[in-house]
Every structure is written in structure tokens, then in C-alpha cells.
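Here is a short tour of a protein model, meant to be read with the structure open beside it. Please have your viewer ready, and follow along topic by topic.

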Amino acid sequence: MAKVSSINKNNKRKKLAQKFFLKRAKLKDKIYDKNISLEDRFALVMNLAQLPRNSAISRVRNRCELTGRPRGVSRKFSLSRNMIRDLGGKGLLPGVVKASW
């Protein structure tokens with residue numbers, strides 16, 4: 001089980017990323033526009049830098065929904081490999097069957 005503070009910190013990052021997603025996307029589109037002068041683009045980069053760091057989507061960590069484990073997390077189920085193994089073996093995950101040959 002992960003520390004509660006780590007899980008809460010990641011949840012806070014998710015909320016910030018959702019809140020600032022459109023604002024960051026608009027700024028990035030303007031920054032990559034080659035028709036705008038270099039000084040204006042630099043000013044836009046500085047505006048982007050003024051936004052909170054944790055509002056970037058790349059700062060959000062994939063974590064297991066049940067345990068908060070940060071590594072070995074499947075995107076399809078949002079569960080760690082350990083939980084997929086346990087729940088899949090018990091038949092609690094739809095579409096997952098224990099392999100046997």
C-alpha cells in the first residue's frame with residue numbers, strides 16, 4: 001500500500017491538470033505558431049511558465065486504483081499487476097481468464 005500522502009498528491013495533480021488543460025493547450029498552440037513574432041512567442045512561453053508545475057499532464061503518475069502502487073500499472077484496468085493477478089484468478093475481472101495449457 002502506498003503512502004496516503006503520495007496518493008493525495010497525485011490526485012491533486014490530476015485535478016490541476018484537468019483545470020489547466022485548455023489554457024495550457026491554447027498557449028502551446030500559440031507558441032508553436034511560426035507566424036507570431038519571436039518576442040511575442042517568448043512572452044507566451046513566460047506565461048506558460050507562470051502556470052503551476054503540477055498542472056502539466058506529464059506530472060500525473062499512473063497509480064493502482066486499489067493499492068496506490070506506482071509501478072506495473074495496466075492502463076486498461078488502472079490496476080497493478082499484483083491486483084490483476086489476484087482479481088483475475090478469483091474471476092472478478094470481466095474478460096480475464098487464468099491461462100492454462
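A residue counts as buried under 20% relative accessible area and as exposed over 50%, with partly exposed in between. Serine 6 has a relative accessible area of 23%, so this residue is partly exposed. Keep in mind that this is a predicted model.

**Helix α2**

- Helix α2 covers residues 38-50, and its 13 residues should span 18 Å at 1.5 Å a residue; the end C-alpha atoms are 19 Å apart, which agrees.
- Which residues of α2 are buried? They are Arg41, Leu44 and Leu48.
- Because these buried residues fall within an arc of 55° when seen down the axis of α2, they line one face of the helix.
- That buried set packs against α1, which runs over residues 4-31.
- Glu39, Phe42, Ala49 and Gln50 are exposed on the other side of α2.

**Nonpolar cores**

- The largest nonpolar core has seven residues: Leu16, Phe20, Leu27, Ile31, Leu44, Leu48 and Leu51.
- Both α1 and α2 supply at least two residues each to this core, and α1 gives the most, with four residues.
- Another core, of five residues, lies apart from it; among its members are Cys64, Leu79, Leu87 and Leu93.
- Back in the largest core, phenylalanine 20 touches Leu51, Pro52 and Ser55, not counting residues up to four places away in sequence.

- Arginine 24 sits in helix α1. This residue is buried yet has no salt bridge, and the nearest side chain of opposite charge, aspartate 29, is 12 Å away.
- What does arginine 24 contact, leaving aside its neighbours within four places in sequence? The partners are Leu48, Leu51, Pro52, Ser55 and Ala56. Of these, Leu48 is one of the buried residues of α2.
- Arginine 63 belongs to the loop between α2 and β1, the strand of residues 73-74.
- Arginine 63 is also buried without a salt bridge; for this residue the nearest side chain of opposite charge is glutamate 65, at 9.7 Å.
- With neighbours within four places in sequence left aside, arginine 63 is in contact with Ala2, Ser6, Asn10, Gly68, Arg69, Pro70, Val73 and Ser78.

**Cysteine 64 and serine 78**

- Cysteine 64 is found in the loop between α2 and β1. Its relative accessibility is 4%, so cysteine 64 counts as buried.
- Not counting residues up to four places away in sequence, cysteine 64 touches Arg69, Val73, Ser78, Leu79, Ser80 and Met83.
- Serine 78 lies in the loop between β1 and β2, where β2 is residues 79-80.
- Is serine 78 on the positive or the negative side in phi? Its phi is positive, about 55°, although serine 78 is not a glycine. For context, most residues other than glycine have a negative phi.
- Serine 78 has a relative accessible area of 27%, so this residue is partly exposed.

**Helix α3 and what follows**

- The buried residues of α3 include Met83, Leu87 and Gly88. Seen down the axis of α3, the buried residues fall within an arc of 120°, so they line one face of the helix.
- The buried residues of α3 pack against β2, while Arg81, Arg85 and Gly89 are exposed on the other side of the helix.
- Glycine 91, whose phi is positive, near 80°, follows α3.
- Alanine 99 lies in the segment after α3, the helix of residues 81-90. At 54% relative accessibility, alanine 99 counts as exposed.
- The C-alpha atoms of alanine 99 and glycine 89 are separated by 9.4 Å, and the two residues are 10 residues apart along the chain.

**Serine 6 again**

- Serine 6 is part of helix α1, and arginine 63 is in contact with this serine.
- Serine 6 and proline 70 are 64 residues apart along the chain, and their C-alpha atoms are separated by 9.6 Å.

Methods:
Residues are numbered from 1 along each chain as its sequence is written. This is a predicted model: local features need pLDDT of at least 70, side-chain atom pairs count only at pLDDT 80 or more; totals for chains, interfaces and linings use all residues. Side-chain values use heavy atoms; hydrogens and water are left out. The expected span of a helix is 1.5 Å times one less than its number of residues. Buried means under 20% relative accessible area, exposed over 50%, partly exposed in between (1.4 Å probe, protein chains only). The arc is that of the directions from the helix axis to the C-beta atoms. Contact means heavy atoms within 4.5 Å. Lys and Arg count as positive and Asp and Glu as negative; His and the chain ends are not counted. A salt bridge is a side-chain nitrogen of Lys or Arg within 4 Å of a carboxyl oxygen of Asp or Glu. A nonpolar core is a set of buried Ala, Val, Leu, Ile, Met, Phe, Trp, Tyr and Cys residues joined through side-chain atoms within 4.5 Å.
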